[in-house]
Amino acid sequence: MNDMSAETTVTADGRKIGGVVMEMKNITLRFGGVVAIKDISFDIREGEIRAIIGPNGAGKSSMLNVISGFYHPQEGEVWYKGQKRPPMKPYQVAQQGIARTFQNIALFEGMSVLDNVMTGRIRQMKTGLLAQALWKGRAEAEEVENRAAVEKIIDFLEIQHIRKTPVSRLPYGLKKRVELARALAAEPSILLLDEPMAGMNVEEKEDMSRFILDVNDEFGTTIALIEHDMGVVMDLSDRVVVMDYGKKIGDGTPDEVRSNQAVIDAYLGVAHD
Amino acid sequence: MVSIPALLQRNATRFANRPAYREKEYGIWQSWSWAEAEKEIEALALGLLNLGVNEGDFIAIIGRNRPYFYWSMVAAQSVGAIPVPLYQDAAAPEMAYVMEHCGARFAIVEDQEQVDKLIEVQEDLYQLEHMIYVDPRGLRKYDHHKLHRFIDIQAQGRSAYYEFIEDLKARREKLNYDSVCVMLYTSGTTGKPKGVVLSNRNIIEASKSSSEFDHLTKDEEVLAYLPMAWVGDFIFSIGQAYWCGFCVNCPESPETMQTDLREIGPTYFFAPPRVFETQLTSVMIRMEDASRLKKWLFDHFMAHARRVGPAILDGKQVSGMDRLKYRLGNLFVYGPLKDTLGLGRVRVGYTAGEAIGPEIFDFYRSLGINLKQLYGQTEASVFITLQPDGEVRSDTVGVPAPGVEIRISETGEVFYRSPGTFEYYYKNPDSTASTKDAEGWVATGDAGFFEEGSGHLRIIDRAKDVGKMADGKLFAPKYVENKLKFYPNILEAVVFGNGRDECTAFINIDLTAVGNWAERNNIGYASYQELAGHPQVLETIRGHVEEVNRSLADDPMLSHCQVHRFLVLHKELDADDGEMTRTRKVRRNVISEKFDDLLTALYDGSTEVFTTTEVTYEDGRKGAISATLRIIEAEVAMEIKTKVAAE
């Protein structure tokens, strides 16, 4: 923990933002000859909502996949909680307390909402397959504990009415919420959201924004999200990284990013007065 | 037993370990015994004393049905304050009116949403000193000078036990039959809401006699899901529950009501007609998708049930063969269906508030569910008339409830007098005087008559809505509207014709029923508006209107009320836009003013009309929608003259 700066700031609305919890240092990611990410550095601080934005193909999702251990960058280092992270498998990253949702929903369609969210608890389950199948000893107590934790999340995200409904029967907006529930069930310290509001109508977006803010506020979860909807990003996040063609062209508070000329030109379009 | 807090003390001893409240939370039914509930209420009452509640203060209570809010009401009474439950879905300005009118110093609310609403209107609420919230989510960053968490207030109460317990006991002792039990605001079909003051006598007498009428016991199970601001919920979930000592079950969330209903299986159930309609619509829709065998079984046995079910329920003579077949039907169809609906254990069921469609009513009765009608209002502590077991019909509202006297005035208006009759309208002596006379007779505002022979009361319409057509004949819009609304495709109807020579109507389609039909027939639509304007939908609705016209033609009193022209509105009538009350009764005046252009078009021979309407979204923002509406002519049936001189 030596590298973690101890400074703590308090935002205008009273949330505490701690020191750097994750740092990306000079990340470069190539697929064959294509450079997806080129020498990008930025950090994520504890308790903040950090957005990554950029036009299509800017490398946002690749960046998220680097954080979640799905891609391994050819150059650069990922530092997590003050330590340099060796190349890891995604499940190892998950074990470190990093959970994610997917741009294209990746739930178990045939299973109920409850079962889907329960799968998020896998990291908390210590008993073996046999013990669980026989429902012996610790397994029972463990299931109860996990169910209790899952029910809290179901309550928090207001999906009680679909608890027993198979996911395949749910509308898109609710599926997104179930995915968030599953990620939360892992009690992550960092939550990665890949376009949590893509394809939603205004009302669903408002709901989702409220849930993201509440998660951050209530559990103190650090959130890194990718989003297309500029309005949402500017409202939600504390700091924003802007990418374009694999390069970082801006980094700062929403206001700073909004007035950054490079960002305006590349992404928001050139202003006409 | 002269007050609700006194009943609580009695129940805490007599029914100590029996359940008093249940609420489903985190997927499990949590329960509180009467002894535990008494402790929770005491802690809250002490906390309220600690906060400085005085006798006679008003405490606003805003939330959905949860044990905490029932406790709040009784805790408020225990310290001599008056609980004022409000509709939790009301917009901020509506709440401001009521809270300002009663000058509430305290508010006990559910969550951030309600806190935000009150903060939004706090400039008008200079008397409001403290807000207590149950759900802390999202509220941590708020300024907590005037904001307290429910469990903190209880904890403060517990730790200040010795300081305040004597005061609490003294205040509780002071309560008597005449002290105010609760103040409920009427939904107000006309004008501003009025605060109806009900005493302990009103509530306890009404609860006692109605419980005896239906032989309610401590073993009943009820599901509390109707708005807490409504007198019915107060009587069922507090009055009768405390009188009998039965358990009140609170659903997990409004969306899970149907599941929770099924899990609890209430023995005593109350619902407005709308709930029964919605349930029946969903059953019918699901049966459409069922396999052929199941559908055949359902149709076959339901036909049998319609024929003999109500008679069996009423204990009338039915042949042995029919009984046997009914039992078989019960095994295959009625039993499982009742179980799915959550009505399998219902011993006493009531519907009230609006007229219920005869087909809907008969459907439930034929299944063997003892569904009855009652007629009541806030000012009567609910009960005016009730249907006794075995004398149930869809077109009457029953006989006078125990202790209630009824008379019909010369103009046909129904008057009553009872122990449940309200004390007065708060800060409104004029309305009190015009509603309740010196002898205690209360004008209901409804026109009706006693049926010869059975002695049952029949309600025709709101007295003020009954008008005259241009030729002087009786105009009873509600009667026609109800006939229209009995069709599943029609959600709401508003009939016009007062002072005119022909009747016309605005109609709202039911999006569930019509939407399902559209899906089945591969008709695409993106919005309510688009579906409402679809030619085939209009044609279907015209069919319904013409059927209603034919049935009206049979009634010599009302045959001239047939609907000549109608249009299907481009938006749903909504309480947020002021077109309906929170209990979903149409506000005629508001509608005819707001849609004046449409009304004109119905009478000037237009075939279509373009209109723009302002709408209010749930969060209070405004928008506008515009549409071109077609005006449809409906065929009018010939009057049948033969019946006229029958007597």
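**Close-ups of a predicted two-chain model**

**View 1. The five-stranded sheet of chain B.** In this predicted model, five strands of chain B form an open sheet in the order β4-β3-β5-β6-β7, paired in parallel. Strands here are DSSP E runs of at least two residues and helices are H or I runs of at least four, numbered from the N terminus; two strands count as paired if DSSP finds at least two bridges between them. β4 (82-86) and β7 (147-149) of chain B sit at the edges with a single partner strand each, so one side of each has no neighbour in the sheet. From one strand to the next, the twist averages 25 degrees.

View 2. β5 (residues 106-109) and β6 (residues 130-133) of chain B run parallel and share four bridges, with F106(B) opposite H130(B). Helix α3 (residues 67-78) of chain B packs on the sheet, touching β3 (58-62), β4 and β5 of chain B, and its direction makes about 150 degrees with that of β4(B). Contact means C-beta atoms, placed from the backbone, within 7 Å; axes are lines fitted to C-alpha atoms, for helices over the stretch in contact, and angles run from 0 to 180 degrees between N-to-C directions.

**View 3. Strand β14 of chain B, covered on both faces.** Seven of the seven residues in β14 (residues 371-377) of chain B are buried, that is, with 20 or more other C-beta atoms within 10 Å of their own. L371(B), Q373(B), Y375(B) and Q377(B) lie on one side, K372(B), L374(B) and G376(B) on the other. Three bridges link β14(B) in parallel to β13 (residues 348-351) of chain B, where G349(B) faces L371(B). On the antiparallel side, four bridges join β14(B) to β15 (residues 382-386) of chain B, with Y375(B) opposite T385(B). Four residues lie between the strands of the β14(B)-β15(B) hairpin, and S381(B) takes a positive phi near 50 degrees.

**View 4. Where chains A and B meet.** Here 13 residues of chain A are in contact with ten residues of chain B. α5(A) gives the most to chain A's side, with four residues.

View 5. Chain B averages a pLDDT (the predictor's confidence per residue, 0 to 100) of 91. Over residues 642-647 of chain B, though, pLDDT is below 50.

**Notes.** Residues are numbered from 1 along each chain as its sequence is written, while chains are lettered from A and ligands numbered from 1 in the order written. Local features need pLDDT of at least 70 and side-chain atom pairs count only at 80 or more, but totals for chains, interfaces and linings use all residues.

Note on methods
Contact = placed C-beta atoms within 7 Å. Buried ≥ 20, exposed ≤ 12 C-beta atoms within 10 Å, placed from the backbone.
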